[in-house]
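Subject: Structure handover and findings

Dear colleague,

Please find below the structure that I am handing over to you. My notes on what was found in it follow directly after.

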Amino acid sequence: MSAPEVQHITSRDNAFLKDLRRLAQDNTGYRKQGRFWAEGEHLGAAALARHVTPAIGVFSESFWPLAPAKYAQAAIKSIVIPDSLFAAISGLESPAQMGFVFDLPLVAALQPVMASVILDRVQDAGNVGSILRSASAFGFKQVIALKGTAALWSPKVLRAGMGAHWGLQLIEGVALADLALLAVPIVVTSSHRGSYLHQAIANQALPMPCAWALGHEGQGVSAELETLARLHVRIAQPGGEESLNVAAAAAICLHASAATSLVG
């Protein structure tokens with residue numbers, strides 16, 4: 001195996017750095033470039049653990065001499081830039097000093113029988129990333145993002161997902177009509193409609209595999225999507241709050257399905 005190519009760049013006007021800045025700061029920049037930026041050792045390690053090879057490694061000058069070999073040699077090409085340029089690119093308050101550029105995965109075909117999560121216009125990047133983590137943890141390997149949902153490969157969603165992206169099949173920009181391809185039942189969670197989740201578990205009425213539909217932070221799941229659901233459930237809230245954060249509700253519901261399958 002040949003040693004990776006190492007290039008030192010010092011000009012902020014370099015074409016590669018301009019593209020990298022867009023990837024790091026534009027939530028949808030990856031769609032134009034076909035690549036995305038993952039900053040920090042945690043995301044890099046998560047990708048390498050799943051045998052995902054980065055296209056390019058980017059390191060600050062101060063970190064490069066200290067970079068572990070698994071990062072320094074992970075990509076075919078590594079680029080080293082002054083700390084000040086790395087800070088100007090970074091989307092973090094405290095720049096991580098390293099990151100990787102990855103090629104965007106090919107658009108996958110929707111898998112009809114795979115346990116799935118449907119995101120219906122969930123717009124907060126932190127919520128989306130947290131839901132991806134729960135989906136991966138509880139065995140829902142397909143995430144279907146309807147139009148209007150936050151960009152799945154944006155830097156903020158990647159950070160909130162903390163590596164979950166590399167264990168999931170992600171499909172975004174999906175139209176409601178495309179959900180007709182699903183062969184698993186759709187389950188909708190609501191704060192005001194349907195049986196309680198704990199009752200559905202007790203009655204063995206919670207299907208698995210299924211597709212959990214999670215809606216917009218303020219408006220919830222659309223009426224059109226609700227009509228496609230086989231089951232509506234709500235989460236009991238004896239403390240009296242009006243509703244739960246969508247990411248918290250997702251974790252509860254996905255865990256309930258996973259637990260049902262384990263004991264079943």
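Which residues do ring pairs link into a cluster? The cluster consists of F36, F59, F63, W64, Y71, F100, F102, W153 and W166.

Before the details, two remarks on conventions. The model is predicted, so that local features need pLDDT of at least 70 and side-chain atom pairs count only at pLDDT 80 or more, whereas totals for chains, interfaces and linings use all residues. Residues are numbered from 1 along each chain as its sequence is written, and side-chain values use heavy atoms, with hydrogens and water left out.

Aromatic contacts

Rings of Phe, Tyr and Trp (for Trp, its six-membered ring) are taken as a pair if their centres lie within 6.5 Å; planes under 30 degrees apart count as stacked, over 60 as edge-to-face, and the rest as tilted. By this rule there are 10 aromatic pairs. One of them is formed by Y71 and F100, which are tilted, with 6.4 Å from centre to centre and 55° between the planes. Y71 belongs to helix α4 (residues 69-72) and F100 to strand β5 (residues 98-103), so this pair ties together parts that are 29 residues apart in sequence. Helices (H or I, at least four residues) and strands (E, at least two) are DSSP runs, numbered from the N terminus. Y71 and F100 are both buried, where buried means under 20% relative accessible area, exposed means over 50%, and partly exposed lies in between (1.4 Å probe, protein chains only).

A charged group also sits over a ring: R234 lies over the face of Y196, at 4.5 Å from the ring centre. The criterion is NZ of Lys or CZ of Arg within 6 Å of the ring centre and within 35 degrees of the ring normal.

Salt bridges

Side chains of opposite charge can pair when their charged atoms come close. With a salt bridge defined as a side-chain nitrogen of Lys or Arg within 4 Å of a carboxyl oxygen of Asp or Glu, a search of the whole structure finds four.

- R22 and D19 meet at 2.9 Å, N to O. They are three residues apart in helix α1 (residues 15-25), and therefore separated by about one helical turn. R22 is partly exposed, with a relative accessible area of 46%, and D19 is partly exposed at 33%.
- E172 and R31 meet at 3.3 Å, N to O. E172 lies in strand β8 (residues 169-174) and R31 in helix α2 (residues 29-33), so the pair ties together parts that are 141 residues apart in sequence. E172 counts as partly exposed at 26% relative accessibility, as does R31 at 46%.
- R121 and D120 have their closest N and O atoms 2.9 Å apart. Both residues are buried.

Backbone features

A cis peptide bond joins M208 and P209, with omega about 5°. Q204 lies in the loop between α8 and β11 as well. Its phi is near 55°, a positive value in a residue other than glycine. Q204 is exposed, with a relative accessible area of 73%.

With kind regards
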